[in-house]
Amino acid sequence: MGRDKKVRAVELGKDVLIVLLTALGVWLILQTPLAAPLHSLLGEEGRQTASGQAQGGDRVEGALPLTMVVNLPAPSGLPEGMGTPEGTEGMRCAVQYDREGCQALFQQVAGPLAEALSNAGQPEPVSRAAWEAALTRMTGVYMDFQGEIPLPVLVGWLTGGPTQLTGTVRRLILTVQDGRTALYYQDADSGECFRCRTTAASSSTLKEMLTELTGNGAFYAFESELYEGLDPDTLLLPAAPAPAVYTAADPVSGGQTALEALVQDLGFSLNSTSFYSTDEQVARSGDDSVRLSDRGVAQYQYEGNGSGGLFPVLRQGEAGPLFDSVETCRQVALSALGSRCGEARLYLMSVTEEEGGWEIQFGCSLDGIPILLDQGCAARFQVRERQIVQFTLCLRSYTATAGSSLVLPPRQAAAALAAQGLEGEELLLTYTDSGGDAVAVSAGWSARDTGRGEG
């Protein structure tokens, strides 16, 4: 018995020692620079990004549409005009210039959309009439993205996997036909319409979710003679929107201190970075440099040969090199803009193939409304041989005010475009920001040239 007591005492002493050593280890960790991110993760459960990035770590955020339209044709025996323009059938509900509304709807259809894209067959050309029938006479969801997205990038964001689809889209329809889903899309380069039959079964959950919505009178320009001068796929709602007024400001005033914070966020080591001033603030680390103007424009340049720069294109899954490049650029842009853009959100504007790589542009939007900048875009990247060799960032911060923008009703705005001879262009709500500190930016109608006319 005495021996057993001694053994138990020794084991108890070991347990106490382990607890003390563990507590000491935790205390030491909390005294290191790593303590801040550990504390942040422990103390802010669910927050994955810097302020200004709602779900910034979620890749689907990059594919959030500007507009979504749910179309449910009326079953036999139901009356016409259930929340749609006179002469049409069923229910149609549009979510436009409403980021949270689009996000909620898109998250519900992202699963069926990903499945359809993963099981899509060879694209086949279809007529303009077939495209309009898919928009108005089939059960489905129409998505109009803010920018032009290559299908390998869209599939990569949704599934992380590869695809044989090669087109670039802005407008896409997920339909339900004969128990299976089908995809219709417009090629952003040619304006041609295509259909992809899929082997994916239609989701009863998708149908049930769609039937819970209420029609709000949304219609397309091709459905009304009053709007025949617009791009035919312009989506319109009966009432004029009332978007918020924002205050735009320069978030990087402060000279070298601001540049130091910026390059740290971009991944520069301050210990190996030198700073100096010319007509701009400059940071240099080896072959990598960043120049920051007093207008908040940051320019990065890699002057080395081949690999070795600070921003190699990293493999992001199985989606392929184009997706790898776009996603790497998006992550770099978010590291700089995410905590500085206030209430704005980043979206992919365009991808242009060039010799040895791509030019990739991102824009910013406010509650789903694109911001027009003097620089043309919020971020522009040059990718060569799996290396980001150059990028330009326009650093602007936006804060909502209590006021609302005064916007013309859609019919008057369409008449104004026609009076200016802007036939066949899309009527689009935008914010215009010409720079300056603490300036008010309001939304208004703009004409976007789709280059398609009647498609």
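**Entry 1: H3 and H5**

I began with how helix H3 (residues 99-118) lies against helix H5 (residues 151-159) in this predicted model. I found their axes 10 Å apart, at an angle of about 120 degrees. An angle over 145 degrees would count as roughly antiparallel, and 65 to 115 as roughly perpendicular. H3 and H5 are therefore oblique to each other. I also noted the handedness: H3 passes H5 in a left-handed crossing.

Next I looked up who touches whom. From H3, I listed Phe106, Ala110, Leu113, Ala114, Leu117 and Ser118. Their partners in H5 are Leu151, Leu154, Val155, Leu158 and Thr159. Sorted by class, this contact of H3 with H5 has 9 nonpolar and 2 polar residues, and no charged ones.

**Entry 2: Trp157**

I stayed on H5 for a moment, as Trp157 is found in this helix. Is Trp157 buried or exposed? Its relative accessibility is 3%, so I put Trp157 down as buried. I then checked Trp157 against Gly317, which is 160 residues away along the chain. Their C-alpha atoms are separated by 10.0 Å.

**Entry 3: H7 and H8**

My next pair was helix H7 (residues 256-266) and helix H8 (residues 321-337). Their axes come within 8 Å and cross at roughly 150 degrees. With the cut-off for roughly antiparallel set at over 145 degrees, H7 and H8 therefore fall into that group. I marked the crossing of H7 and H8 as right-handed.

Which residues meet here? On the H7 side I wrote down Leu262, Asp265 and Leu266, and on the H8 side Val332, Ser335 and Ala336. The contact of H7 with H8 divides into 4 nonpolar residues, 1 polar and 1 charged.

**Entry 4: the buried side of H7**

I then asked which residues of H7 are buried. They are Ala258, Leu259, Leu262, Val263 and Leu266. Why do I place them on the same side of H7? The reason is that they cover an arc of only 125 degrees around the axis.

I also wanted to know what lies over these buried residues of H7.

**Entry 5: just past H7**

How values were computed. Residues numbered from 1 in each chain as written. Predicted model: local features only at pLDDT ≥ 70, side-chain atom pairs only at ≥ 80, totals over all residues. Heavy atoms only, no water. Axes fitted to C-alpha atoms, helices over the stretch in contact; angles between N-to-C directions. Helix = DSSP H or I, 4+ residues; strand = E, 2+ residues; numbered from the N terminus. Parallel < 35°, antiparallel > 145°, perpendicular 65-115°, else oblique. Left-handed = near helix turned anticlockwise from the far one by under 90°. Contact = heavy atoms within 4.5 Å. Nonpolar A, V, L, I, M, F, W, Y, C, P; charged D, E, K, R; others polar. Buried < 20%, exposed > 50% of the residue type's maximum accessible area, 1.4 Å probe, protein only. Arc of directions from axis to C-beta.
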